[in-house]
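Dear colleague,

Please find below the structure that I am handing over to you. My findings follow directly after it.

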Amino acid sequence: MTQQRPSQFELGTDGPKVIVAGVDGSASSLRAVAYASGLARRQNALLAVVYIQPVISMGMALGVPVVGTTEGLAEGLVAEVRAATERLRDIWDVRWEFHTFPGDPYGGLVAAADELKADAVVVGASESAGHRLVGSVAVRLVKAGRWPVTVVP
């Protein structure tokens, strides 16, 4: 039997290179982006903040300009993330991008993670009581088992 010496601590970049954080404007999704930005900073990874624009048929929209509304929400989220980044610029710098993808939240995040070649996905915990019946996006992402998923309360 050979003796193995304990290996030295290795300071490397074995962690994620691209971290996808889903954001929808809810408090838990904004906490998820904050958490993901800390991960990205420590790993020197790219933080991809992703907003999924809901696709709603015109019949369901009942004449309400849904596309303009969701684009306005996306622009507001970009402004909020950009403002937070500027406030923290002197403390630390995080490489980040903002992306929008159309679709339902689960399908959109899967498409985004695939397209961006994500190594990890961070989402906020669902704040909707209805998700107890249908399952939350976070639970579905975890069950998919394609990336490490962190759910932030």
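The largest pocket is lined by 24 residues, and those nearest its centre are Val 23, Asp 24, Ser 26, Pro 105 and Val 137. A pocket here is an open set of points on a 1 Å grid over the protein atoms alone, with protein on both sides within 12 Å along at least five of seven lines; lining residues have an atom within 4 Å of a point. This is a predicted model, in which local features need pLDDT of at least 70 and side-chain atom pairs count only at pLDDT 80 or more, while totals for chains, interfaces and linings use all residues. Residues are numbered from 1 along each chain as its sequence is written, and side-chain values use heavy atoms, with hydrogens and water left out.

The volume of the largest pocket is about 450 Å³, taken as the space filled by probe spheres set on grid points joined across faces, edges and corners; the probe is 1.4 Å. Its lining comprises twelve nonpolar, ten polar and two charged residues. In this classification Ala, Val, Leu, Ile, Met, Phe, Trp, Tyr, Cys and Pro are nonpolar, Asp, Glu, Lys and Arg are charged, and the others, Gly among them, are polar. At least two lining residues come from each of α1 (27-43), β2 (46-53), α4 (105-115), β4 (120-124) and α6 (137-144). The largest share, three residues, is supplied by β2. Helices (H or I, at least four residues) and strands (E, at least two) are DSSP runs, numbered from the N terminus.

The strand β2 also belongs to an open sheet of five strands, in the order β3-β2-β1-β4-β5 with parallel pairing; two strands pair if DSSP finds at least two bridges between them. The edges are formed by β3 (96-102) and β5 (149-152), each with a single partner strand, so one side of each has no neighbour in the sheet.

On one side, β2 is joined to β3 by seven bridges, and Ile 52 has Phe 101 as its bridge partner in β3. Five bridges join β1 to β2, where Ile 19 stands opposite Leu 47.
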